[in-house]
Structures are given as C-alpha cells and as structure tokens.
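We will walk from strands to pockets to cavities, one stop at a time.

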Amino acid sequence: MPLDDVLSDIAACRACAGELPHAPRPVVRVFPETRLLICGQAPGRRVHESGLPFDDRSGDRLRDWLGIDRETFYGDRRIGVAAMAFCFPGTSPKGGDYPPPKRCAELWRPQLLAALQKVELTLLVGGYAQRWSLPQTRDQAMTEVVAGWREHLPRALPLPHPSWRNTAWLKRHPWFEDEVVPYLRLRVAEMLAA
Ligand code: SF4
C-alpha cells in the first residue's frame, strides 16, 4: 500500500477509543524520503497536545545525540518518527506513562515499514522498540541490548530512551556517550550530506 494511504488510515484509526483516557490522536511523522527512522515508545502528554513527536525534553536530548537542531529534526524529510504506538496511552497514577498499546504495532507497523522504502538506519529507542524489532534480544535487559549495539549495524541501532529519567543510567554507562553517540552523529551527518 502506498505510504500516503497507510498514513491516512492511521490518522483515522480509532481502534483504542474507549480504552485511552482521551480521544485517539495518532502522532506519526514519516515521508517517502525517510532514511533515518526513529522508533520510540509512544507520545507523551506534551506530544499528544502539540502533535509533534519528541516535542519535549526527551526530544532535546535525542537531537543532541543525533547532532542536529530542531529545525533539521522537523524540517528534513529524511528523518522520520514512528513510535511503537501512535497515541498517548495516558499517565499511570503511580507516575510515568502507561505502556504503548500492543495493538498499534500489530495493526500498523508491518504496513508502515513496508511503505518506507528508503530507510537505512532505524533507531530502536527503549525496550519496546527493541523487543519488537530484535526478537532475539527479548530476554535481555535494555542495557545489555544497547551494549551489544554493534551486532545490529548497519540497519538498526538500539538506544536508551532519552528521557531525563535516564540521566542516572547515562552516568552509570559512560560508554554510551563516549562510543555510541559519536557513531550515531557520524551516521546522521553522512545521511544528511548525501
Ligand atoms: S494507539 Fe494506534 S491502534 Fe490505538 S487508536 Fe492510536 S493509532 Fe489506533
């Protein structure tokens, strides 16, 4: 199915209506030109309100890892974002957001990825995206998956979530910013220079 048709169907999706604490508002931003695909967990409240993926502090950290500014992140059609679920799942009373509804990836992911013909590198941001795309790592902790980042190149790169909740994780694992981030910046620079 052509990408435009898949995106129209996603925009009209109401499959989780009645289960979410709000009306579904799918947020996905991909283009026929997308070469770098960023797969996170699900939109947070702020993204749900703005409709722009990674329009929050996590996005600021992610852009720093990528070595690009907001203008490039939102203006360059070679960069796309498609989380494991497209709608904000709501906030748990215990704090933090609910997990992405599994139904979303089952319904949409195969056809969306099939319509993205130019993707060269997929960033698997957090455990949900890693378990879906790298089923062989399903029994591994996120740290172990990210530590094995070289095994999945050149098509996929597992990353921790750039949430500020992971600041302590980044401090405990300095190899991530010393080794993975420079590699990622280089790949992104090469992709955007081509
Ligand atoms: S989360 Fe996905 S499956 Fe559920 S309503 Fe939103 S787009 Fe549809």
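**First stop: the strands**

Select strands β1 and β3 (residues 121-125): four bridges join β1 to β3, and the two run parallel. Strands here are DSSP runs of E with at least two residues, helices are runs of H or I with at least four, and both are numbered from the N terminus. Two strands pair if DSSP finds at least two bridges between them. To see one of these bridges, pick C39, whose partner in β3 is L124.

Before going on, a note on the model: it is predicted, so local features need pLDDT of at least 70 and side-chain atom pairs count only at pLDDT 80 or more, while totals for chains, interfaces and linings use all residues. Residues are numbered from 1 along each chain as its sequence is written, and side-chain values use heavy atoms, with hydrogens and water left out.

L36 has I79 as its bridge partner in β2. Which way do the side chains of β1 (residues 36-39) point? L36 and I38 point one way, L37 and C39 the other, and all are buried (under 20% relative accessible area; exposed is over 50% and partly exposed in between, with a 1.4 Å probe and protein chains only).

**Second stop: the pockets**

Pockets and cavities are found on a 1 Å grid over the protein atoms alone: a cavity is a set of points where a 1.4 Å probe fits but cannot get out, a pocket is an open set with protein on both sides within 12 Å along at least five of seven lines, and lining residues have an atom within 4 Å of a point. Grid points are joined across faces, edges and corners, and a volume is the space filled by probe spheres set on the points.

Select G44, D56, S58, D97 and H161, which lie nearest the centre of the largest pocket among its 28 lining residues. This pocket holds about 710 Å³ of space. Colour α2 (45-50) and α3 (57-66), which each supply at least two lining residues; α2 gives the most, with three.

Next, select M84, P99, P100, P101, K102, A105, E106, Y128, R131, W132 and R138, the lining of the second largest pocket. Helices α5 (102-115) and α6 (127-133) are the elements that give two or more residues to this lining. The space here is about 280 Å³.

How many cavities of 30 Å³ or more does a search of the whole structure find? There are two. Select C13, C16, F86, C87 and C104, which lie nearest the centre of the largest cavity among its 15 lining residues. The largest cavity has about 120 Å³ of space, and α5 gives the most to its lining, with four residues.

Show the ligand: it sits in this largest cavity (more than half of its atoms lie within 2 Å of the grid points). Around the ligand are C13, A15, C16, P24, P26, C87, C104, L107 and W108, each with a heavy atom within 4 Å. By class, this shell has nine nonpolar, no polar and no charged residues (Ala, Val, Leu, Ile, Met, Phe, Trp, Tyr, Cys and Pro count as nonpolar, Asp, Glu, Lys and Arg as charged, and the others, Gly among them, as polar).

Finish at the second largest cavity, of about 30 Å³, by selecting G127, Q130, R131, T137, Q140, A141, M142 and V145.
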